[in-house]
There are 2 protein chains.
Amino acid sequence: MNRFTLINDLLVPAEQASIHVSDLSLQRGYGIFDFFKVINGNPVFLDNHLDRFYRSAARMRLQPVIPEDILRKKIAELIAANSLKQSGVRITLTGGYSPDGYTIGHPNLIVTEQPLNNLPTSIQEQGISLITFPYQRQLPDVKTIDYLMAVWLQDKIIEAQSSDVLYHYDDSITECPRANIFMVTSSNVLITPANNILKGVTRNRVLEIAAGEMKVEERDIHKDEIYEAREVFITSTTKHLMPVKLIDGKIIGNGTAGETTRSLSKKYNQIVYGK
Amino acid sequence: MNRFTLINDLLVPAEQASIHVSDLSLQRGYGIFDFFKVINGNPVFLDNHLDRFYRSAARMRLQPVIPEDILRKKIAELIAANSLKQSGVRITLTGGYSPDGYTIGHPNLIVTEQPLNNLPTSIQEQGISLITFPYQRQLPDVKTIDYLMAVWLQDKIIEAQSSDVLYHYDDSITECPRANIFMVTSSNVLITPANNILKGVTRNRVLEIAAGEMKVEERDIHKDEIYEAREVFITSTTKHLMPVKLIDGKIIGNGTAGETTRSLSKKYNQIVYGK
């Protein structure tokens, strides 16, 4: 099974997809990306992901960027060529080949596709555990390639026998490195942070679903507040809604997927799988 | 004139030096580097740079790393092959080819060499101007490839008709993106920050030179304090000692290279050029 990768406007065999070492991603960690799910050849929430991709590019002064109609066509070609049942597509735009290793060059576009399995239902039932860590992502509203701290923290997560890290800034919790966080209070109010975070496509969809059903607040959440939540879950393109059973070793609610999480999760999955 | 680059243990023509897009530098901005000057084939302060390179690698959990004796031999081969009069050598170690685009893989080593011109004497005389910006580098004691903010700020520097940015954390100034900062007080005390910075090889050499000659303090410097300095200069491998004449539009001292800066600069250059 030979997969393909798009490098700028060229489909190449995935194993041959390389860029020159003068690219500003390798030299200075400078680039942006976006990531979406593809189910049976159909990209999920593509409009939202492309909107954010072009916003990220503009914020990082990456230009020229491939026009959206051509990018859509190229993505469709890639998906057709790879013909995967379920996959994740990552669109990366780097700082390009820099003459002096510091100044932004002509951006390089790299679109890769990887097969994606469904998460085991057991994890969705049992939930995951998080540890908090004081850290604020730089340029948090942009989906940059900067995961230096996240990758570096992986050892600490394993040591703590945890699933992921939850960042907080001063005493307000913000986000996981690749997911947004939500809490449900004892009076069934859904709360999610609004500041100093990347607003995920899944996060925004969940807010839309919840809006008609319950009280929703987008605001800062104090670290102590989340320990007392009735339910906590995180959201991401790959994880959908994932219950959180433990934060810093403290049991959240009754330690399993709560009723509100299940209900929102079911509705979100229905949209994604078109059922 | 064909130049070479070292990719892992192989010398390749510089224009063909590429890495696969699954490398963690491109995927997640994860990697470290070091950079030293080479004059007439002789690396300057190589021991110090290699010490820091191996410290950075260990801190970032990059392993295995090429043994030091082999790295030294490979660097010598690269320098001999390129045969440049004066150059800068950059040793980069990335997070490697990651199976899942997130977990650290087997690191990739990339050693590039570029010709380096002397800075014009006029700049060394006149000095440069800085603007301050509130920002704290993540993992500041490690020479990571993370220059996301520095590259992003280039437009603001140009707008302000300035030469570079000076970071501060709370009200303490820390460092420039690629240089350390020093101030000289009216009573001829040399002060440089000690916390939340990368301790440059040039910085440490200047401290050694100054130690026998004047009072030296390594401590936090308040933003307001530096405006009142008699002299300010920055230090780096390429810039050596560079006088600062303006910070945030405020004239430092008499607005030209001060006496202490000149004296330390002369002694530092003598060591570098072996005169």
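Colleague: Which strand of chain B does strand 3 of chain A pair with, and in which sense?
Modeller: Strand 3 of chain B, in the antiparallel sense, over three bridges. Strands here are DSSP runs of E with at least two residues, and helices are runs of H or I with at least four, numbered from the N terminus. Two strands pair if DSSP finds at least two bridges between them. This is a predicted model, where local features need pLDDT of at least 70 and side-chain atom pairs count only at pLDDT 80 or more, while totals for chains, interfaces and linings use all residues. Residues are numbered from 1 along each chain as its sequence is written, chains are lettered from A and ligands numbered from 1 in the order written, and side-chain values use heavy atoms, without hydrogens or water.

Colleague: Nice. Which residue is the bridge partner of Ser18(A)?
Modeller: That is His20(B), in strand 3 of chain B.

Colleague: And what rotation superposes chain B on chain A?
Modeller: A rotation of 180° with 0.0 Å of shift along its axis, at RMSD 0.0 Å. That is the relation of a two-fold axis. The superposition is by least squares on the C-alpha atoms of residues with pLDDT of at least 70 in both copies. In chain B, Gly29(B) has the C-alpha that comes closest to the axis, at 2.2 Å.

Colleague: How many residues are in contact between the chains?
Modeller: 45 residues of chain B contact 45 residues of chain A, where contact means heavy atoms within 4.5 Å. 100% of the interface residues of chain B are also interface residues in chain A, so the copies meet through the same surface.

Colleague: What area is buried there?
Modeller: About 4,200 Å², with carbon and sulfur atoms giving 57%; that is the accessible area (1.4 Å probe) lost on putting the two parts together, summed over both. Tyr102(B), Leu148(B) and Trp152(B) supply 20% of what chain B buries against chain A, more than any other three residues.

Colleague: How many salt bridges cross the interface?
Modeller: The rule finds two, taking a side-chain nitrogen of Lys or Arg within 4 Å of a carboxyl oxygen of Asp or Glu. Asp155(A) forms one with Arg61(B), and their closest N and O atoms are 3.3 Å apart.

Colleague: Switching topic: what is the strand order in the open sheet of chain A?
Modeller: Its six strands run 2-1-7-6-4-5, with antiparallel pairing. Strand 2 (10–13) and strand 5 (42–43) are the edges, each pairing on one side only.

Colleague: How many bridges join strand 1 to strand 7?
Modeller: Two bridges join those antiparallel strands of chain A, and Ile7(A) stands opposite Ile110(A) in strand 7.
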